[in-house]
Amino acid sequence: MKYEIMNQPFTVVTLHMAQGESIKCQSGAMAWMSPGIQMETKTGGLGGMFKKALVGESLALNHYTAMQDGELTLAKHSPGDILLFNISEMPIIAQKTSFLAATEGVNMDIYLQRRAATGFFGGEGFLMQKYTGSGYAWLEIDGSVQERVLADGEQLIIDSGYVAAMEATCSMDIQTVKGFTNVILGGEGLFNTVVTGPGKVWLQTMPINALAMNLYAYMPHPSN
């Protein structure tokens, strides 16, 4: 399946589908498509719906199958980028709500971080998503993306929310910000996320929650 990613930061991906090819995608992701592409909505059963609810994804996925050659365009609904991952080469762990689309052979499951404290305080959420199986996944990135390759044992200290995805060979933990003044006046919160290699890490430059807070400061508020 050929694809084109275009129009950053209001990004879309156009999939050029041959007859018989199919993908699954997030509910509401379809922007436009050719005639002859058929949609079917599937929930994956109660267990699948429960997992999707936990990680903030839509409860059902739309499956598109090309009955004839055509194209399907999927849109990201906030400023940012769309990245393609070859899951056949390496399982990927990504932030929740990052899923946009995947080929049918890709499995999506809940990933529990090594320590509960990592999830509650690290800013990435207690639950992330793990992609395994065979095929390709298109994931949404907030803002622009920076890629880092970590050697075995090499660490990267990251402000909360800036980890978009990492290879499954990496591990994640938290680190307490030291110093009372740093915590109170530093503006970085109580904890940083620490990712340890080996493997690749994809960082996002504008987490959606940070964008929302920045915009909120400019919104009119009702007077008391």
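A search of the whole structure identified zero disulfides. The model is a predicted one.

Charged side chains were considered next. Side chains of opposite charge can pair when their charged atoms come close. The structure contains three salt bridges. In one of these, the side chains of Glu 140 and Lys 76 meet with an N to O distance of 3.8 Å. Glu 140 belongs to strand β13, which spans residues 136-142, whereas Lys 76 occupies the loop between β7 (70-75) and β8 (80-86); the pair therefore ties together parts that are 64 residues apart in sequence. With a relative accessibility of 13%, Glu 140 counts as buried. Lys 76 is buried as well, its relative accessible area being 7%; the values for both residues fall under the 20% limit that defines the buried class.

Lys 76 also forms a salt bridge with Asp 142, in which the closest N and O atoms are 3.6 Å apart. Because Lys 76 lies in the loop between β7 and β8 while Asp 142 lies in strand β13, this pair ties together parts that are 66 residues apart in sequence. Both partners, Lys 76 and Asp 142, are buried. Through salt bridges that share partners, Lys 76, Glu 140 and Asp 142 are joined into one network.

A further salt bridge is formed where the side chains of Lys 200 and Glu 147 meet, with an N to O distance of 3.7 Å. This pair links distant parts of the chain, with Lys 200 placed in strand β19 (residues 199-204) and Glu 147 in strand β14 (residues 145-150), 53 residues apart. Lys 200 counts as partly exposed, because its relative accessibility is 30%. Glu 147 is also assigned to the partly exposed class, at 42% relative accessibility.

How values were computed:
Residues numbered from 1 in each chain as written. Predicted model: local features only at pLDDT ≥ 70, side-chain atom pairs only at ≥ 80, totals over all residues. Heavy atoms only, no water. Disulfide = S-S within 2.5 Å. Salt bridge = Lys/Arg side-chain N within 4 Å of Asp/Glu carboxyl O. Helix = DSSP H or I, 4+ residues; strand = E, 2+ residues; numbered from the N terminus. Buried < 20%, exposed > 50% of the residue type's maximum accessible area, 1.4 Å probe, protein only.
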